[in-house]
Amino acid sequence: MPVLNRISIAPVKGLRLLHPDAVDLDASGIPTDRRFFLVGERDELVDATDHGKLLGVVPDYEPEHERLRLVFPDATVVEGPADRLGSPVVTDVYGRPAEGRRLVGPFDVALSELAGRPIGIVRADRDGTAQDAHALTVVSRASVRDLGVRGGRGEDLDARRFRINLEVEGTEPYEEDTWARRPVRIGDATIRVLGQIPRCVVTTLEPDTGEKDFATLTVIARYRPRIGGRGGLPFGMYAEVARPGTVRVGDEVEPVSATRAGRTAAGGR
């Protein structure tokens, strides 16, 4: 039986990932995931695609105390309230408007100095707003290992470069693609797997330093058909939450057949 191998969240979209042992899933996905995002001086979205050094910044968000702490690559620590908000912002996030308010505090100066351009943090008005397209993402470790072997890196390619929420161990390579349009039980929750994720150049970056270290897209293009024939290069799957609940590292991951899903729904009416 496949199991949940790792959970990844980014409290601040574009900064280093964190790996909690357990999270609660709701309609927004993982509520604290991408709760904050980075913008430039014209309120445009900023991420590690153009500023790989941002991946070296480790965020520590405490929602119970509303505190945000950023640890920079040189060990400098910048922290302050996470609910002291300023002017409203509307930012285009891959074709969708994300509404929020600028976070007031010491963060802008430190991030701007690191990136060499003006950068601010925005707190989204609604959880899930700053997700790229859907609430959750899923990938299998077997798929990542296969990609690493095909690209000459062996089986130790770091899956964090894909910034996927839920990593699954114990499947065949790309088995997660076959879960499209199916419910999948994980722990107390059920997710519904949707379609393939089109990948961008951030996947070519080493996930701790932001340095380009693997030709991810070139390798994928050698053996994976584009989405819809002319779309992006696929790796990993989008998902949504069908039944809220808690998921933990080590939980069994159980795809549910269409027949069983229909029986479950009928029994619940």
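Helix α3 spans residues 216–223, and its buried residues are Thr-216, Leu-217, Val-219 and Ile-220; buried means under 20% relative accessible area, exposed over 50% and partly exposed in between, with a 1.4 Å probe and protein chains only. These four cover an arc of only 160 degrees around the axis, which puts them on the same side of α3; the arc is that of the directions from the helix axis to the C-beta atoms. This is a predicted model, where local features need pLDDT of at least 70 and side-chain atom pairs count only at pLDDT 80 or more, while totals for chains, interfaces and linings use all residues. Residues are numbered from 1 along each chain as its sequence is written, and side-chain values use heavy atoms, leaving out hydrogens and water.

**Around α3**
- The cover over the buried residues of α3 includes α2 (141–150) and β16; helices (H or I, at least four residues) and strands (E, at least two) are DSSP runs, numbered from the N terminus.
- α2 and α3 pack at an angle of about 95 degrees, with their axes 10 Å apart; axes are lines fitted to C-alpha atoms, for helices over the stretch in contact, and angles run from 0 to 180 degrees between N-to-C directions.
- That makes α2 roughly perpendicular to α3, a label for angles of 65 to 115 degrees, with under 35 roughly parallel, over 145 roughly antiparallel and the rest oblique.
- Asp-146, Leu-147 and Arg-150 of α2 meet Thr-216, Val-219, Ile-220, Arg-222 and Tyr-223 of α3, contact being heavy atoms within 4.5 Å.

**Nonpolar cores**
- The largest nonpolar core has 23 residues, and those with the most contacts inside it are Ile-7, Leu-25, Leu-136, Leu-166, Ile-186, Ile-191 and Val-247; such a core is a set of buried Ala, Val, Leu, Ile, Met, Phe, Trp, Tyr and Cys residues joined through side-chain atoms within 4.5 Å.
- Strands that each supply at least two residues of this core include β1 (3–7), β3 (22–25), β12 (136–140) and β16 (234–243).
- Leaving aside neighbours within four places in sequence, Val-247 has contacts that include Leu-4, Ile-7, Leu-25 and Ile-186.
- A second, separate core of 20 residues includes Leu-38, Val-46, Leu-70 and Ala-82.

**Two loop residues to look at**
- Glu-66 has a positive phi of about 50 degrees although it is not a glycine; Glu-66 sits in the loop between β6 (58–62) and β7 (67–71) and counts as buried at 17% relative accessibility.
- Tyr-174, also not a glycine, has a positive phi of about 65 degrees; Tyr-174 lies in the loop between β13 and β14 and counts as buried at 14% relative accessibility.
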